[in-house]
Amino acid sequence: MKKKNVINLIKYFAEKNEMAFKDEAYEIAKEFENDGDYQLSEYIVSVLADTNSFMSQTMEKDSEFLRKVAVGVQHLSLPTEIRADIDGVINAINHKIGVNKFLFEGAPGTGKTEAAKLIAKVLNKNLYIVNFSELVDSHLGQTQKNIGKLFEDINDFVFSNKNIVLFDEIDSIAIDRINSNDVREMGRATSAMLKGLDSLRDDVVIIATTNLYNAFDKALVRRFDAVVNFNRYTREDLIDIAVMTTNRLLDKYNLNGKNSRMVRKIINLYDNIPYPAELINLIKTSIAFSGIDSEYGYLRNMFSKVYVGEGKDNPKKLQELGFSLREIEIITKISKSQLARELKGDSDEE
């Protein structure tokens, strides 16, 4: 703490300028934090105001490029390999050895953003997301200046070790400079990102997500300590997620009609099973659109959306697809006795 800080505190106290007094005290807290005296820094802030409330107010006032987001995540099912990497990211952050920049790459809907929220929740950290609509500017060179200001704001955090900053879909400023339509402007933006990441404090955690990793600027990739690939879902992983999600939603809304075996058969009809976000939406809408008193209506809806071939109401075709008599009854709403007669008749004709 410098002499001017003491003088300013006395001055603002004498003037009864509460806002200026608090701002000066917060600056002192920052200096103690920068010097590694976290305990004293935290004590000063805790005396002045609630820590979380203060940090939120500081971001709202000081940075137009960041906004705080809720970290309450929905149930997130990840394959073993991806989950192991997420556990590794959590361990790296806990070790506090400067491994603090992570890039999550993968197709849309693979769980990259939700995984970032999960990490923040597990570590009890605040999550701030970069507002790209404000960051990217049409004026020449302004995006570069904005990025510089963004990293200044990030490094000026009080208790920066309590925050994670998420660059969600960073593609808008990180696509390969050579392939950009405006090479010079994209080059400026990427150069500013490189400079910002190089100047980042060790106690600030950055997570970036991208859907376009193959087009990602390679110099920027090298600035990240680890890259986690979210495309590693096997067909069986996705079927398991569909079954678990269906049962979880039915339990959540106190609905009957669990039939894991039939859900598994229906999802297996996909040539290419969609990634979790799309899959979960399919299940949600199938349940939501079913009749209130229709125990298995969601299964009919699910089958109708998944199976795009001919013969959706043809018992013989459904039998060929591997559905049992009871399952065909659910899909067609034709009684088992009638189905048995029809299918036996087809068999006799053959």
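Are Phe104 and Phe230 buried or exposed? Both Phe104 and Phe230 are buried, where buried means under 20% relative accessible area, exposed over 50% and partly exposed in between, with a 1.4 Å probe and protein chains only. The model is predicted, with local features needing pLDDT of at least 70 and side-chain atom pairs counting only at pLDDT 80 or more, while totals for chains, interfaces and linings use all residues. Residues are numbered from 1 along each chain as its sequence is written, and side-chain values use heavy atoms, leaving out hydrogens and water.

**Aromatic pairs**
- The whole structure holds seven aromatic pairs, counted when ring centres of Phe, Tyr or Trp (its six-membered ring) lie within 6.5 Å, with planes under 30 degrees apart called stacked, over 60 edge-to-face and the rest tilted.
- The ring centres of Phe104 and Phe230 are 5.1 Å apart with planes at 45 degrees, so this pair is tilted.
- Phe303 and Phe323, with ring centres 5.7 Å apart and planes at 85 degrees, form an edge-to-face pair, and both residues are buried.
- One aromatic cluster is formed by Phe132, Phe151 and Phe167.

**Strand 4**
- Strand 4 spans residues 163-167, and five of its five residues are buried; strands are DSSP runs (E, at least two residues), numbered from the N terminus.
- Asn163, Val165 and Phe167 lie on one side of strand 4, with Ile164 and Leu166 on the other.
- Strand 4 runs parallel to strand 3 (residues 126-130), joined by four bridges, and pairing requires at least two DSSP bridges.
- Leu166 is the bridge partner of Ile129, and Leu166 also has Ile207 in strand 5 as a bridge partner.
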